Amino acid sequence: MNGDPSKMSCAEFQAQMAELIGSGEDLSAHPHVGGCERCRALLADLTTIVEAARQLFPSVEPPDEVWEHIESAIKREDKTAPNAG
Amino acid sequence: MADAPTPTQAPQRTRAGGGEEAAQGTATGRSTAAQPASAADAEVLARAQAGDHQAFAQLYALHKRRIYSLCLRMVGNVAEAEDLTQEAFLQLHRKIATFRGDSAFSTWLHRLAVNVVLMQLRKKGLSLISLDEAMEPNPEEGPGRSFGAPDLTLAGAIDRLALERAIADLPAGYRLIFVLHDVEGFEHNEIASMLDCSIGNSKSQLHKARLKLREALRMQNRQEARP
């Protein structure tokens with residue numbers, strides 16, 4: 001691999017992306033990204049996905065049966081507990 | 001880039017928040033009235049720790065949405081999420097007296113629920129892909145597939161339903177790490193600890209999960225673009 005980041009191939013850059021991103025580096029400032037439209041687009045897409053994921057999955061109410069099952073199980077456990085009354 | 005999240009930034013944690021609904025009425029009540037979570041939690045928690053069943057029901061009402069939603073996101077299946085929510089609250093009932101307040105209760109409960117889900121996934125044989133495999137460029141799904149033409153990028157807009165579907169279709173291990181990091185806000189070191197894998201493995205699997213999502217979304221864009 002070439003030691004100069006600005007002369008990296010796309011494959012070399014993308015092979016390092018996971019580690020670079022995971023380490024918190026701002027890849028938009030990476031020399032390769034500055035000169036590569038495809039990798040810039042890839043980075044933009046990944047950013048869009050992360051942003052969109054934050055908006056997903058509104059909290060959902062569990063059905064009432066869940067609590068009924070929990071309550072029943074707690075009663076069963078309380079009855080079998082060593083110090084049950 | 002003050003507010004613009006990049007893949008390098010974990011989202012603001014949702015798990016540190018408190019109960020999102022007031023503990024009014026029964027555990028199955030649907031009140032959504034806002035109430036300061038810490039105050040509600042503290043009083044209800046103390047009574048629940050002392051064995052007050054009604055207080056435990058109120059605690060359930062306070063946290064059921066968040067825990068059920070977490071389970072649903074992690075497993076992507078309603079029936080399983082219901083079972084896991086049940087198991088998480090049963091474990092909470094067994095362990096609540098051991099909560100000492102070293103962290104926020106909601107954080108502690110969130111971690112407990114994550115562990116319940118992980119235990120279940122392990123029972124089902126979920127194995128995380130090895131670091132070697134994850135780091136190895138794969139012609140089918142590796143970085144090479146990212147060399148798409150610029151006109152097929154997502155162009156900054158993603159259909160919400162399409163993304164939800166793409167996440168649901170991810171292999172379980174990828175979905176788990178994506179949800180834990182990008183949705184729930186866990187750091188790689190926390191994920192590595194929870195999943196008993198290396199930090200490098202967590203980073204690489206998260207990256208591969210995002211690449212898979214990108215491919216799925218681009219595929220859909222291509223299909224929609226066809227005449």
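This is a predicted model: local features need pLDDT of at least 70, side-chain atom pairs count only at pLDDT 80 or more; totals for chains, interfaces and linings use all residues.
1. Let's start with chain A, which has 4 helices and 0 strands (helices are DSSP runs of H or I with at least four residues, strands are runs of E with at least two, and both are numbered from the N terminus). Reading from the N terminus, its elements go α-α-α-α.

2. Residues are numbered from 1 along each chain as its sequence is written, and chains are lettered from A and ligands numbered from 1 in the order in which they are written.

3. Now for chain B, with 9 helices and 0 strands. Here 41% of the 227 residues are buried. Among contacts between residues at least 6 apart in sequence, 66% link residues at least 24 apart (a contact means C-beta atoms, placed from the backbone, within 7 Å).

4. Which residues have the most contacts inside the largest nonpolar core? They are B:Tyr60, B:Cys71, B:Ala113, B:Val117, B:Ile177 and B:Phe178, in a core of 68 residues (buried Ala, Val, Leu, Ile, Met, Phe, Trp, Tyr and Cys joined through C-beta atoms within 7 Å). Helix H2 of chain B, residues 53–75, gives the most to this core, with 13 residues.

5. Follow H2(B) to its neighbour H4(B), residues 105–123: the two pack at about 35 degrees with axes 10 Å apart (axes are lines fitted to C-alpha atoms, for helices over the stretch in contact, and angles run from 0 to 180 degrees between N-to-C directions). Among the residues that meet are B:Cys71 and B:Met74 from H2(B), and B:Ala113 and B:Val117 from H4(B).

6. B:Ile177 is worth a click: leaving out residues up to four places away in sequence, B:Ile177 touches B:Ile191, B:Ser202, B:Gln205, B:Leu206 and B:Ala209.

7. Finally, is B:Gly51 buried or exposed? B:Gly51 counts as exposed because it has 12 C-beta neighbours inside 10 Å. You will find B:Gly51 in the loop between H1 (37–49) and H2 of chain B. The C-alpha atoms of B:Gly51 and B:Ala97 are 8.5 Å apart, although 46 residues separate them along the chain.

Conventions:
A residue is buried if 20 or more other C-beta atoms lie within 10 Å of its own, exposed if 12 or fewer, and partly exposed in between; C-beta atoms are placed from the backbone. Two residues are in contact if their C-beta atoms, placed from the backbone, lie within 7 Å.
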